[in-house]
Amino acid sequence: MKQYSLLPALDAQPELNTADILSGLNEAQQEAAAAADGPVLIIAGPGSGKTRTLTHRIAYLLASGKARPHQILAITFTNKAAREMRHRVYELIGDQSKGMTIGTFHSTFARLLRKEGKQIGYTSDFSIYDSDDTKRALRQLLNEYNIDPKQFSPRSMYSLISGAKNRLIGASEYARLAVGPAQEKAAKVYGPYQDLLRASNAMDFDDLLLKPIELFRNHPETLERYRFLWQYIHIDEYQDTNHAQYILAKLLSDGHHNLCVVGDDAQSIYAFRGADIGNILSFQRDYPEARTVRLEQNYRSSKAIVALADAIIKGNSKQIEKELWTENDQGDPIIVMEALSERDEAQKIERRVRDLCLRHGIRYRDIAVLYRTNAQSRSIEESLRREDVPYRIVGGVSFYQRKEIKDAISYMRLVVNPYDDGSLRRVINYPTRGIGNKSQDLLFQWAKGAGVTAWEALERVSEVPGLSSRARNAMARFRTMMDGFMGKAETEPAGDLMRSILNEAGLTHELMREHTPENLVRRENLEELVSAVREFSDNPDTPDTLSAFLQEVSLLTDADSGGDFDDKVTLMTMHASKGLEYKAVFVTGLEEGLFPLSGAMQDPEELEEERRLFYVGATRAERYLYLTYARSRYRYGEHQSGIRSRFLDELSGDLLRTEAGEPFSSKQDRLQRSSGSGNYTEMDPFYYRRPLGGTKGPSEKGRTHNTKPPAARRQGTAPGPSKAEPAGRRIVYDAEESADLAAGMRVEHGTFGEGKIIAIEGNGPQAKAVVFFKEVGEKKLMLRFAHLQRIG
DNA sequence: GTTGGCGTATTTTTT
DNA sequence: ATACGCCAAC
């Protein structure tokens with residue numbers, strides 16, 4: 001597994017002096033790179049070379065003799081970024097860079113806890129629970145406390161607890177602060193949840209940050225050691241740090257204050273998982289002596305794209321003032337593409353992709369298609385696959401999240417950490433070996449009463465009352481088998497152990513029972529896992545233990561996986577695209593309710609975050625940028641028509657072009673549509689039969705420029721206009737009930753008062769409107785009964 | 001104890 | 001539309 005090699009094999013570089021290291025940087029970058037001592041705040045716009053500045057700064061510190069490699073701590077946002085930074089510093093100064101600590105917050109402190117955790121009662125073999133494991137544990141607890149997991153899902157409980165944890169609010173304090181039913185329930189399970197983790201010698205993602213804080217606070221001498229060790233601290237993507245990370249940075253840099261943070265408040269997109277934009281906004285206040293450097297020159301994008309980015313972010317009220325500029329060419333115009341449906345959108349993208357390759361000499365790997373939600377990848381995939389355009393998806397389920405891999409990993413975890421009840425539960429009856437839920441419950445309950453872990457209970461299975469002899473035997477056999485694995489772990493290489501587990505626990509066999517292509521893939525994945533384990537333990541750069549391997553892989557993201565250098569189009573969420581750049585970028589699904597997402601539309605803060613996400617997406621592009629939206633989209637299994645995103649309408653028309661090359665006139669277009677002939681959906685079988693009534697919107701005009709006929713017609717789902725079929729009844733409904741209502745309109749309701757239509761769903765007598773009412777919030781109403789009156 | 005069917009909620013984004 | 005949890009039958 002390549003991502004574990006600490007240092008890539010590179011030819012030694014000729015010696016460089018410090019001036020050489022700075023020479024490739026512009027003035028502002030040089031200032032930031034050479035400001036060795038004291039706090040530094042680098043405010044860096046997109047494409048301004050902030051990572052480059054950071055690497056050169058580190059190289060400069062080392063080459064100038066200011067710092068020894070082990071005194072450098074650099075925190076990156078992803079493991080991949082860490083790898084790249086290590087690589088780049090090595091390229092600059094060669095062997096002088098060996099021994100730096102570069103990694104994400106989570107991996108860095110996981111490593112630290114492996115060394116120091118025993119001071120707070122953890123062995124170095126602790127398990128790391130990902131959100132999957134965590135939800136499993138919470139489901140268990142919700143059950144125990146008779147909380148209905150349907151009403152209060154493990155997922156929502158986890159996000160509440162997680163939110164509390166990364167604000168450093170403990171269980172008892174949270175219980176005091178909790179308001180409302182959900183928080184009260186979360187408060188109930190918070191404490192037991194922590195106890196459960198503790199007893200299992202396990203930590204969740206939040207603990208990886210909290211435990212070091214706890215450790216440092218309880219053991220000042222340890223903190224002192226690390227303060228002394230890491231003399232120069234760097235944090236990238238500082239705008240996305242949460243409170244716990246903020247505290248860690250503060251603790252570690254107290255005393256020397258050699259803390260250099262880099263970020264862009266306009267690119268803060270992780271508030272939903274606790275990131276606190278206040279960290280970067282108040283850096284200057286926390287460290288009054290801090291030097292602030294702005295990197296405002298953009299090297300990535302064309303003038304057109306930089307201007308667009310500027311216009312996007314102007315829609316937000318709060319931000320650090322800065323002015324992006326570029327010396328690059330004006331570049332091509334940014335094109336807005338309207339599609340009838342998501343399918344149509346996907347086809348248009350696919351055609352553009354091929355056009356870019358054929359006519360503009362762009363390679364597939366220089367193209368990215370970005371979307372708001374993972375679910376949107378599907379239609380785009382289909383359309384690319386149909387035309388044999390190679391693509392890769394980043395995100396979704398990463399290798400180590402796949403079920404078969406997690407099963408195997410759970411066995412390994414249990415081998416190194418027998419206290420891990422979560423993993424035990426996961427594997428005790430997979431593959432099925434006659435230990436059903438009931439027997440499991442008996443075992444776990446007895447263990448709880450006796451105050452021992454389930455693993456110990458397994459040893460004393462004869463004492464557990466109520467078990468059938470069959471279950472008892474099965475448990476004993478399981479225990480014996482695991483004992484065997486644990487013995488092997490002492491003597492055999494990790495890869496061999498993994499292989500034995502796959503064979504003897506029956507994991508491979510389980511996947512041979514049915515000969516489906518999926519199972520074949522799963523078996524191949526398991527094989528890959530074996531070689532990953534082998535590589536890890538064979539790698540002299542990672543002389544660590546098996547538990548280290550298990551811990552590191554639970555922190556890997558799909559985006560971290562080693563470079564795929566094939567020539568493929570990249571599909572990913574805008575979140576995943578952070579920090580990347582492509583010659584051509586498609587930002588898709590620009591529709592109200594999708595982007596911005598409906599949940600965010602009512603909260604100004606969240607809306608601003610969505611807008612920053614748009615900013616991030618658009619600024620990934622170097623030269624070609626396409627913004628697309630569809631007028632209808634599948635959601636919840638039915639077609640819903642939507643309206644174009646407000647983000648598009650906020651932009652002035654001269655920045656954008658339609659596909660036909662005309663200026664994109666934003667405002668009027670949207671208004672006219674909502675007042676007139678709009679609200680069609682592609683799949684609406686009556687689309688082409690509807691009396692147009694003379695209201696020919698600009699959208700009609702757009703269609704005449706389309707070289708291909710609309711997708712719906714070509715697929716034959718909608719008969720042509722010539723075939724005026726009966727089925728008139730539904731048209732009547734349509735005309736009576738909904739023809740004059742469309743998303744975007746202001747309406748009045750007898751009881752709910754004034755509101756705005758967010759979307760119209762379905763047609764005929766089933767037509768519903770999603771309306772956001774000023775007084776009561778979002779409601780879904782049947783048009784037949786609602787009697788909405790248009791106002792305004 | 002296991003399997004299958006049915007009903008239900010579910011869609012943000014992720015270290 | 002799909003996935004997952006729960007319940008009933010084997």
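**Cavity, helix packing and backbone geometry**

Colleague: Which element gives the largest share of the lining of the largest cavity?

Modeller: In this predicted model, the lining of the largest cavity includes Lys-406, Ile-409 and Arg-413. The elements giving two or more residues to that lining are α18 (403-416) and α26 (546-553). The largest share, three residues, comes from α18.

Colleague: About how much space lies in the largest cavity?

Modeller: The search of the whole structure returns four cavities of 30 Å³ or more. For the largest of them, the space is about 110 Å³.

Colleague: How many nonpolar residues does the contact of α3 with α4 have?

Modeller: α3 passes α4 in a right-handed crossing. On the α3 side, the contact is made by Thr-51, Arg-52, Leu-54, Thr-55, His-56, Ile-58, Ala-59, Leu-62 and Ala-63, and on the α4 side by Met-85, Arg-88, Val-89, Leu-92 and Ile-93. By class, three of these residues are polar and two charged, and the number of nonpolar residues is nine.

Colleague: What is the handedness of the crossing in which α16 passes α17?

Modeller: The axes of helix α16 (residues 342-360) and helix α17 (residues 377-386) cross at roughly 45° and come within 8 Å. The two helices are therefore oblique to each other. The crossing in which α16 passes α17 is right-handed.

Colleague: How many charged residues does the contact of α16 with α17 have?

Modeller: From α16 the contact draws on Glu-342, Arg-343, Ala-346, Gln-347, Ile-349 and Glu-350, and from α17 on Ser-379, Ile-380, Ser-383, Leu-384 and Arg-386. Their classes are four nonpolar, three polar and, for the charged residues, four.

Colleague: What is omega for the cis peptide bond that joins Tyr-430 and Pro-431?

Modeller: Most peptide bonds are trans. Pro-431 lies in the loop between α19 (421-427) and α20 (437-450). For the cis bond joining Tyr-430 and Pro-431, omega is about -5°.

Colleague: What is omega for the cis peptide bond from Phe-595 to Pro-596?

Modeller: The loop between β15 (582-587) and α27 (598-601) holds Pro-596. The bond from Phe-595 to Pro-596 is cis, and its omega is near 10°.

Colleague: What value does phi of His-257 take?

Modeller: Most residues other than glycine have a negative phi. His-257, in the loop between α12 (243-253) and β7 (259-263), has a positive phi instead. The value is near 55°.

Colleague: What separation is found between the C-alpha atoms of Glu-296 and Gly-47?

Modeller: Glu-296 lies in the loop between β8 (291-295) and β9 (297-298). Beyond its neighbours within four places in sequence, Glu-296 is in contact with Lys-322, Glu-323, Leu-324 and Trp-325. Glu-296 and Gly-47 are 249 residues apart along the chain, and their C-alpha atoms are separated by 8.9 Å.

Notes: Residues are numbered from 1 along each chain as its sequence is written. Chains are lettered from A and ligands numbered from 1 in the order in which they are written. This is a predicted model: local features need pLDDT of at least 70, side-chain atom pairs count only at pLDDT 80 or more; totals for chains, interfaces and linings use all residues. Side-chain values use heavy atoms; hydrogens and water are left out. On a 1 Å grid over the protein atoms alone, a cavity is a set of points where a 1.4 Å probe fits but cannot get out, and a pocket is an open set with protein on both sides within 12 Å along at least five of seven lines; lining residues have an atom within 4 Å of a point. Grid points are joined across faces, edges and corners, and a volume is the space filled by probe spheres set on the points. Helices (H or I, at least four residues) and strands (E, at least two) are DSSP runs, numbered from the N terminus. A crossing is left-handed if the near helix is turned anticlockwise from the far one by less than a right angle, and right-handed if clockwise. Contact means heavy atoms within 4.5 Å. Ala, Val, Leu, Ile, Met, Phe, Trp, Tyr, Cys and Pro count as nonpolar, Asp, Glu, Lys and Arg as charged, and the others, Gly among them, as polar. Axes are lines fitted to C-alpha atoms, for helices over the stretch in contact, and angles run from 0 to 180 degrees between N-to-C directions. Angles under 35 degrees count as roughly parallel, over 145 as roughly antiparallel, 65 to 115 as roughly perpendicular and the rest as oblique.
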